[in-house]
Structures are given as structure tokens and as C-alpha cells.
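Hi,

Here is the structure I promised to pass on. Have a look at it first, and then read my notes below.

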Amino acid sequence: MNCQDVQRGMVVNAHGDSPLSADMSDHLAGCADCRKELEALRAFVRALPPGDLPPNAFFARQRAAIMEKIDTAPAPRLFPGRWQWATGMAAALLLGVYFTWSQRPRPASGEMFQNLEMMQQLDVLEAWADMESHGRA
Amino acid sequence: MDGNVGTMEEQWIIESQSGSAAAFGQLVAIYQGKLFGFLLSYVGREDVADELTQDAFLKAWRGLKGFRAESRFQTWLFQIGLNVLRSWGRREKIRRLRERAFGWVREEGESPRAPEDTLSDRRLDADPHRAADARDLRSRTSAAVAGLPPKEKMVFLLRHEQGLPLADIARVMDVAEGTVKAHLFHALAKLRKNLEGHI
């Protein structure tokens, strides 16, 4: 680890609540500049003022407001929102309809050709019958 | 958090998941200050932070059955808080664009206050000079934090004000831990530079 790596990595330890990694400890043991930098960073973080919060009365009022909203809200659910269920059911229904339609019995291609031939023969027979009837007339 | 509170918290979570509003009230009592503090530091307005905190808790209540204890309750709650914050940010952006486009004027009392106005004047020390110095430092720090890019500000606040470990921040923000580390590095470097001579 070089000084740049160590100084980038020391933000993890700036608040003093995480142990130093072995690599970092080794480097710090032999590098006065990085030790100084870590101390400066920690001193800076300690000197930062904490965020300001309102008095307890504010939180009591806020809690009351939250609890009031919760009383009127439905109890916790695994899948909140009935529209999700409705959408899911509609999608399942559509899929079912499509599947049923796609599985309907259809004539095989060979069967279709046979039917076509039969229809052509019928056309020939009809034409012959017409000619016959004209001939008789 | 000590072990006892941890065990009680687990119990409150289980009871809340079964629909006990009273148990959820205990969780609200533990975490409302933390969540509100984070949101307040981020948005800089007490009224907005209050509204967002309430909204986040309501969403947490509704989605509580989805909490699987794979993360800490606080991490899960802050994820919700962050989503609420993002939605608010989008609405604010649209509102500002609309205002700019139509030249709308704010109504009285609606004007956003600078973080220093919101956060000041609460902790008055007995010594007026010290109080003034402390107020000045808080005001400068708030302004410096407010000036950070959004992600750096978020990481800094979650780390410094809420004391969340980097792994939890990564989970809350849904980014890699290395990214959190980089944001924190840049945030601290900028704050040190901006507050040089004051801290």
C-alpha cells in the first residue's frame, strides 16, 4: 500500500469506530506523514458539530401524528395494494385465454390439401353438371 | 444498541408484523429522531423533514411484512426514507421548473429557509461568545454540507450523523461499498477544505 491508497482508505477509520486493516497498520507504523494525516482527519471529524434536533415535544407530536395515520391505514400486508392482485389476475386470465385459443384443434396441413383437392373436384363436377343441363336445354 | 434493546426490538418487529400498532409505536420512538435528523440535514427544512419522516414510517408500516431481517431494521427503514426523499426531490425539481417557467411567486411562509436558519438558535450556551462561535460553526458546517453533491452529502450524513457502517450505507443507497468509500473520501476532503480555519 502506498501513501495515496492509505489516505483514501483512512476515511473508513475517520470516526474511530472501525479497526485498521493489517495493511494500513503496517503502513502507518512506518509512515509519519500518513499517521499525521489520520490524526488530522480524526480531529476534524470530532470537531464537526452534531446536527441540531428539535426538542422532545416535537417528537412526541410527530409520533402522535404517525400513530394516528397508522390507525387509519391498513395493517401490514405481504403484497400491499389490491391493484397488484387485480392486475396479476387479469394477466393470468389473458394468458389462459391465449393458451386455450392457441391449443384449439386445427386441420393438419395434409388434411388441408386433401380438402382443397376435394373442393376442386366438386367445382369440376358442378361445371360438368352445368354443361349437361345447358346441353339438354 | 445493547443486547436487551436488540431483543426487545426484534420482538416489537414481530408484533408489528402481526399488526400491533403499539409495538410499531416503540420502533417509531427508537428511530424517528435518527430518520428525522438525517432528512432534516439533507433537506434543510423542518416542516419538510417532518412530513417525509411521517411518510416513511407510514410506508414502513404498510410494507412491514416484507421486512425479512436480512438487514438491520434501521437500514431497511433508511432505504424507505431514501426512496421517500428521492420522490420528494423529483417533485421539488418539477415544482421549481414549473415556477421558473411560469414565473410563479411563492406564498408567504413557503419560502425555503437556508439550513443555517433552520438549525440555529437551539443550543444556546451560557457564554454568549461561545454560543455565537458554536452557532457560527454550525451554520458554516451546515452550509458546507448543503453544498456537497447529493450522493456525497447522503453518504456523509449517514456516516457522520447516523453512525451507519459503510456496508449499511451501501445497502441503503444500493451501491457498492467501494463507491460509498469514494463518496465519503471526496465529501470529507471538500468539507475540510471549506471549513479550513474554522475547525
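Phe156(B) touches Leu48(A) from the other chain, along with Val145(B), Leu148(B), Glu161(B), Leu184(B), Ala187(B), Leu188(B) and Leu191(B), leaving aside residues up to four places away in sequence. A contact here means heavy atoms within 4.5 Å. Before you go further: this is a predicted model, where local features need pLDDT of at least 70 and side-chain atom pairs count only at pLDDT 80 or more, while totals for chains, interfaces and linings use all residues. Residues are numbered from 1 along each chain as its sequence is written, chains are lettered from A and ligands numbered from 1 in the order in which they are written, and side-chain values use heavy atoms, with hydrogens and water left out.

Phe156(B) is also one of the residues with the most contacts inside the largest nonpolar core, which has 73 residues. Such a core is a set of buried Ala, Val, Leu, Ile, Met, Phe, Trp, Tyr and Cys residues joined through side-chain atoms within 4.5 Å. Helix α2 of chain B (residues 21-43) gives the most to this core, 13 residues.

Now chain B as a whole. Chain B has 9 helices and 0 strands (DSSP runs numbered from the N terminus: H or I with at least four residues for helices, E with at least two for strands). Of its 199 residues, 46% are buried; buried means under 20% relative accessible area, exposed over 50%, and partly exposed in between, with a 1.4 Å probe and protein chains only. If you take the contacts in chain B between residues at least 6 apart in sequence, 61% of them join residues at least 24 apart.

How much area do chain B and chain A bury between them? About 4,000 Å², with 65% of it on carbon and sulfur atoms. Buried area is the accessible area (1.4 Å probe) that two parts lose on being put together, summed over both. Chain B brings 45 residues to the contact and chain A brings 41 residues.

Next, salt bridges, meaning a side-chain nitrogen of Lys or Arg within 4 Å of a carboxyl oxygen of Asp or Glu. One pairs Glu37(A) with Arg192(B), with the closest N and O atoms 2.7 Å apart. Another pairs Asp50(B) with Arg61(A), at 2.5 Å between the closest N and O atoms. Asp50(B) sits in helix α3 of chain B and Arg61(A) in helix α4 of chain A, so this pair joins two chains. Asp50(B) is buried at 9% relative accessibility, whereas Arg61(A) is partly exposed at 42%.

Within chain B, Lys190(B) and Glu152(B) meet in a salt bridge (2.9 Å, N to O). Because Lys190(B) is in helix α9 and Glu152(B) in helix α7, the pair ties together parts that are 38 residues apart in sequence. By contrast, Lys59(B) and Asp55(B), which form a salt bridge at 3.5 Å, both lie in helix α3, 4 residues apart, about one turn of the helix.

Last one: how many disulfides are there over all chains? The count is 0, where a disulfide is a pair of cysteine sulfur atoms within 2.5 Å. The sulfur of Cys31(A) has its closest cysteine sulfur in Cys34(A), but at 3.6 Å that is too far for a bond.

Cheers
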